[in-house]
Amino acid sequence: MIVAGWRKTTKVLHFVEDTLLSLLLVVMIVLACLQILLRDFFATGLAWADPLLRYMVLWAGLLGAAVATRMDKHIAIDLVSHLVPERILGWLRVVAHLFSMAVCLVLAYAAVVFVGDEAAYGGGQTILGFASWQLNLIFPMAFGLMGLRFLVAAVAGVFRILQGGSLQAINHD
Amino acid sequence: MQILKILTIGLALLGSPLFVVISALALLSFYGVGVDLSVVIIEMSRLAETPMLLSLPLFIFAGTLLSESRAPKRMLAMSQALLGWLPGGLAVISLVVCAVFTAFTGASGVTIFALGGILYPALLKDHYSERFSLGLLTTSGSLGLLFPPSLPLILYGVIAETRIDQLFLAGILPGLLMLVLLGAYSIKKGVAAKEKRAPVSGQALKALRDAAWELPLPVIVLGGIYGGIFVAGEAAAVTALYVLVVEVFIYRDIEFRRLPKIMVTSMALFGGILVVLAASMASTNFLVDQEVPTRLFELIREHISSKYTFLLLLNLFLLLVGAMLDIFSALVLVVPIIVPIAQGYGVDLTHLGIIFLTNLQIGYCTPPVGLNLFLAGYRFEKPLVQLYAATLPFLLLLLAALAIITYFPWLSLWLTRFAG
Amino acid sequence: AWSKRPKYLFKIATLAPEGSVWVKHFENFTREIAEKSNGEIGFKIYMGGVMGDDRAMYRKMRIGQLQGGGFTMTGISEVVPDFRVMGIPFLMKTYDEVDRVSKSLFPIFQKEFADNGLVLLAMTEVGFIYTMSTEPMTTLAELRRRKCWAPDNDLVSRAYLEDLGVTPVPLAIPDVLPSLQTGLINTVFNGFYGSIIMQWFTSTKYIIDVPFGYAYGGLVFSKEAYDKLPPDYVVLMREQAEKHFAGLLVDTRKSNDEAFSVLLAKGAQMVKPDNGSLDMLHQQRAVTVERLNGNVFSKEIYDAAIRALEQGGDGKTVQSR
Ligand code: NA
Ligand code: NA
């Protein structure tokens, strides 16, 4: 039951992430091309488009990083893993995942502070009616999500070691 | 604090994500001097003020589409039809196609995987030695990093705050130099191999027609930017749109329903790069805050007075870095520290970028841990030691190119004059 | 230079590059304060934008990484909107007018900065900014056909250009030079000195002979750090700021004059705008001001600026604006 519920939740989450990322990418391409068209052929342009595009890049990147965490596709310097025996390596991976979780959660906390400060003193920067704190909301969300994913990866790692590699259900999130 | 930092680096060696490690070091460092931790996010948020960044996700998407399509095959057929008559023709073709392909897809291993599988048996069939063929393909895996619109070139521009349109021009002649050196060597080997040469035939026209839609890509990128039609970020958008239409709707290489997955994969790839970049913004800011670059420069200045000695040592250092780290990590970690020092010695930042990328490109093929060696070992099922030996002559040629590129700055800068 | 750690350390950032007239005067200011306080007040200066743009600098002051910054008008106006009032196009034409307006508005600005937890210690200037273009133009119709830059956070200039029927291309300052060179834009605004140090003049040969507006900035401290200073040091800071930043104004103006001669020597041409178009520019400005007044800046600050302008320095009222 719990496993089934978990599966469903992650499935929905993955769908939301994937849809949002694809949409962001499509809108970035269309908006940037539209700007060229407007400027070069109609000598006009959308004043909000360029700053909005820059934030969309940020959103796509941070959301992409959350997806990269789920796919285990982050850039890493892995120099010693092939020197360590398999059994110990499993535990060391768990330690590394817990460490990554801790760092992401501290980053998420720092991001909450930052967004809070922006909401309180952010000043006049708005794009299409979005205030600065709203534009920066992706920071706490993405780092929070990554933190949780590293936690899940650590737990899954422990289960894998103890049960010799079963529990597929939470392996992939 | 120091113990925590050492622990963090230990965890890095255990394969923790690089962005986590750099962020942890930045957080610990700022905590140590009593600055509020949200400074890390303030620095990261500066990425939203970087207009050039837009070109990264869009070129990554275009590159992923190209590598998922049959574009490599078409390019190969076309080059074969055009260059097949040359002595060493197939080897030269391999170099050119790999270079162009790497420029558009980044040196993520796609070149070795997508093209290597086709080229390796073809080279053997044309009587090239196994050793030569392996060396050639391993080296070609990162050839083309200097040609626009290569991602590492853009990333250098973003980090060093250097004009990307100038970097694009600056890479062309040094990239050609490497192609010519390797090409000349291949022709020499090709004469010895006595391969059979294909005359230019009716096939040429067909191959050309087949690849007709992909041929304009370099023109779109360069012509658009230097023709004043769009900036680098917009060039990426046009390229992405063009590749999308061509591969999905005209060639129909990629089914429409596969698109979302390709989009998500490419954005995950971009996300991986962006968080490393974001984390390094924070760690670099700590160094700036503590005035480290200034002090480092003064320290180095005491011992090295000549710009040329500096460049020599820089090359040795970068070759070492290139052999240890992948290109994105190397750029993100080293560029922010080197840029102010190099500026102190009066090194042109565009030229510096070309030096950086040439070194890192060579680093892909240097033992013990060059990425191309691993990829080629995996793809061609050969032991690493055999690849070390096979790559050696190519490596020496690339080092000669590096020396020329470093000590003749005009090679990098001559074309940039035309962009003002 | 001082062996002991300063008791009051101010980390100050600015976009101004090393060696520029602004940084030189600021360094003199900090040197004299360090001396006169026996090293109890110390400064660390981060030049050339290494700490980020105005927005990042302000955020870092908020959390205490920085204690101050040399801000541009457009940047800090996101925090203190009224500060942008002197940037209204065609508002002032002479340094006399500038000095009169800024002297009279300075206390109001200071109060509004203080309301936002900031101390405005001195005003700085880029100077009068001119329309510079790759082709000569004399009429508004010609301006409408140009690809015209506007600073991406300068709400007043952007609104004005839009009202004129010009669609500005908003770009951050570092993107202007490459965009000029590749033809993405062909008309920009800058002071003479700024145009030379940013290399924009290499692309823009034609300069319209009427200043488009006035660009300025301010030396701003975080109130939290500044309030830690004992009263005698507050006096010291204020006196030194008055002395050195008055000198900076003189030098900036001199640099602009010299830069003007350099530009002419390098082949720049001043273009007289057509009178009818000039009238239309002024009329349209009134429309824009009406639209922005009480919105992008307050009615009070605008009225105060107009009052200061109309009390001519030598008794006579200035006729046109
Ligand atoms: Na940086
Ligand atoms: Na490497």
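This is a predicted model: local features need pLDDT of at least 70, side-chain atom pairs count only at pLDDT 80 or more; totals for chains, interfaces and linings use all residues.
Residues are numbered from 1 along each chain as its sequence is written, chains are lettered from A and ligands numbered from 1 in the order in which they are written, and side-chain values use heavy atoms, with hydrogens and water left out.

Let's stay with chains B and A. Their contact (heavy atoms within 4.5 Å) takes 58 residues from chain B and 53 residues from chain A. The buried area, meaning the accessible area (1.4 Å probe) that two parts lose on being put together, summed over both, comes to about 4700 Å² here, and carbon and sulfur atoms give 81% of it. As for salt bridges (a side-chain nitrogen of Lys or Arg within 4 Å of a carboxyl oxygen of Asp or Glu), the rule finds 0 across the interface of chain B and chain A. On the chain B side, the elements giving two or more residues include helix 1 (2–13), strand 1 (14–17), helix 14 (232–250) and helix 15 (259–289); helices (H or I, at least four residues) and strands (E, at least two) are DSSP runs, numbered from the N terminus. Helix 15 of chain B provides the largest share of that side, 14 residues. Sorted by type, the chain B residues touching chain A are 42 nonpolar, 12 polar and 4 charged. In that sorting, Ala, Val, Leu, Ile, Met, Phe, Trp, Tyr, Cys and Pro count as nonpolar, Asp, Glu, Lys and Arg as charged, and the others, Gly among them, as polar.

Now look inside chain B, which is divided into domain 1 (1–35) and domain 2 (36–419), with bounds from an automatic or database domain assignment. The C-alpha centres of the two domains of chain B lie 30 Å apart. In chain B, 12 residues of domain 1 are in contact with 16 residues of domain 2. These two domains of chain B bury about 1300 Å² between them, 84% of it on carbon and sulfur atoms. B:Ile22, B:Phe30 and B:Val35 supply 43% of the area that domain 1 buries against domain 2, more than any other three residues. Across this domain interface of chain B the rule finds 0 salt bridges, along with 1 residue pair in polar contact, both at pLDDT 80 or more. The domain 1 side has 9 nonpolar, 3 polar and no charged residues.

Where do chains C and A meet? There, 14 residues of chain C are in contact with 18 residues of chain A. Chain C and chain A bury about 1300 Å² between them, with 45% of that on carbon and sulfur atoms. The rule finds 2 salt bridges across this interface, and A:Glu118 and C:Arg62 meet in a salt bridge at 2.7 Å, N to O. There are also 3 residue pairs in polar contact between chain C and chain A, both partners at pLDDT 80 or more. Helix 2, helix 6 (155–163) and strand 6 (169–171) of chain C each give two or more residues to the side that touches chain A, and helix 2 of chain C gives the most, with 5 residues. That side of chain C divides into 5 nonpolar, 1 polar and 8 charged residues.

Over all chains, a search of the whole structure finds 29 salt bridges. Side chains of opposite charge can pair when their charged atoms come close. A:Glu17 and A:Arg149 do so at 2.8 Å, N to O, linking helix 1 (residues 2–42) and helix 5 (residues 138–163) of chain A, 132 residues apart. A:Glu17 is buried at 3% relative accessible area, and A:Arg149 is also buried, at 3%; buried means under 20% relative accessible area, exposed over 50%, partly exposed in between (1.4 Å probe, protein chains only). C:Arg55 and B:Glu49 form a salt bridge at 2.9 Å, N to O, which crosses from helix 2 (residues 54–63) of chain C to the loop between helix 3 and helix 4 of chain B.

Note on methods
A polar contact is a pair of N or O atoms within 3.5 Å; within protein, one must be able to donate a hydrogen and the other to accept it, and residues adjacent in sequence count only if both atoms are side-chain atoms.
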